[in-house]
Amino acid sequence: MATTSTSTAVASVELVFTEPERLALAGYLAGYTGLTREAYTLDLCQYAAWCQQHRLHLFHARRAVIECFARDMEAKGRARATVTRRWCTIAGFYKYAVEEDLLEHSPAAHVRRPRLDYESHAIGLDRNELGALLVAAGLGTAAEHALISLLALNGLRVSEAAGANIEAIGLERGHRTLTITRKGGKPVTIPLAPRTARAIDMAIGERPEGPVFLAPDGRRLDRHGADRPKGRPPRRHRQARRATHTPARIHYRRARCWGAAPRRTGSRLARRSPHHDEV
């Protein structure tokens, strides 16, 4: 038997796995990388800790155990999307174990998923709020202005913007460009809006290489540090990304001739905005 310990942020119990369970966990997580692997690891750690608290081994669980775990998460106030994602992680783990002949039958095979509301309730900024956010960012530090401009005018994810490097800034067909790494590790070159390019130049200063955005300790800024700059309300960056409507659409029309348009040009706000021809 192998013994491992979870992070204290997940649970304070010591997890004990059998050899087949350890092989299944390692093999299943080996199929993923980056943030996806981190999320699946957290899901499995929480599920394993819950099973340990109820004196159950992972491969001794039954359908009722998984459903009770889901009900426990709902009782703690977890969103249905979170419960569904963790259920999918657990189901994928047991499916992998069955495929590798480490388990005879998956206890998650017939567990019913929580019913999700597919109508989006995401809250984005309207045109005036986005303008006010850009003005406020312009009055702050150069790095904050550049980050908000990338999210609002180019529609990047926080992780995509935080992972950008100075060496990836270029010039192509008269457009300032930036090569970023999309979700899944795919490199993409995007055109920068003029305001965004100026903000990035101010943020990097005289630095010839390295990350575009630096944390206070000098290391690369990560998506968690970018979400709460100087005590500002959390999730504002995500709302700025959702509000990528008119500015990104205008820049898309100017840049689509060479096939490198912002990704968030098809948002609901963009389609409904009556001011597509305004800057």
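Student: Let's start with a pair of helices. Which residues in helix 5 meet which residues in helix 6?

Tutor: Keep in mind that this is a predicted model. On the helix 5 side, the residues are Leu130, Leu133, Leu134, Ala137 and Gly138. Their partners in helix 6 are Glu144, His145, Ile148, Ser149, Ala152 and Leu153.

Student: At what angle do the axes of helix 5 and helix 6 cross?

Tutor: The general idea comes first: a packed pair of helices is described by the angle between the axes and by the distance between them. Here, helix 5 (residues 127-139) and helix 6 have axes that come within 8 Å and cross at roughly 160°. Angles over 145 degrees count as roughly antiparallel, so helix 5 is roughly antiparallel to helix 6. The crossing of this pair is left-handed.

Student: Let me try another pair. How do helix 1 and helix 2 pack?

Tutor: Their axes are 10 Å apart, and the angle is about 155°. That makes helix 1 roughly antiparallel to helix 2. The crossing of helix 1 and helix 2 is right-handed. Leu25, Tyr28, Leu29 and Ala30 come from helix 1, and they meet Arg37, Tyr40, Thr41 and Leu44 of helix 2.

Student: What does Phe59 touch, leaving out residues up to four places away in sequence?

Tutor: Phe59 touches Pro20, Glu21, Ala24, Phe93, Tyr94, Ala97, Leu102 and Leu103.

Student: Thr89 lies in helix 4. Is Thr89 buried or exposed?

Tutor: Buried means under 20% relative accessible area, and Thr89 has 1%, so Thr89 counts as buried. Beyond four places in sequence, Thr89 touches Tyr28, Tyr40, Asp43 and Leu44.

Student: Which residues of helix 8 are buried?

Tutor: In helix 8 (residues 194-204), they are Thr196, Ala197, Ala199, Ile200, Ala203 and Ile204. Looking down the axis of helix 8, these buried residues fall within an arc of 165°, so they line one face of the helix. That buried set packs against helix 6 (142-154), strand 3 (169-172) and strand 4 (175-181). The face turned away from the buried side carries the exposed residues Arg198 and Met202. Helix 8 is followed by Gly205, which has a positive phi near 60°.

Student: Backbone angles, then. Where is Arg55, and what is its phi?

Tutor: Arg55 is in the loop between helix 2 and helix 3. Its phi is positive, about 55°, although Arg55 is not a glycine. Arg55 is exposed, at 78% relative accessible area.

Student: And where is Arg173 found?

Tutor: Arg173 sits in the loop between strand 3 and strand 4. Its phi is a positive one of about 55°, and Arg173 is not a glycine. With a relative accessible area of 63%, Arg173 is exposed.

Key
Residues numbered from 1 in each chain as written. Predicted model: local features only at pLDDT ≥ 70, side-chain atom pairs only at ≥ 80, totals over all residues. Heavy atoms only, no water. Contact = heavy atoms within 4.5 Å. Buried < 20%, exposed > 50% of the residue type's maximum accessible area, 1.4 Å probe, protein only. Helix = DSSP H or I, 4+ residues; strand = E, 2+ residues; numbered from the N terminus. Arc of directions from axis to C-beta. Axes fitted to C-alpha atoms, helices over the stretch in contact; angles between N-to-C directions. Parallel < 35°, antiparallel > 145°, perpendicular 65-115°, else oblique. Left-handed = near helix turned anticlockwise from the far one by under 90°.
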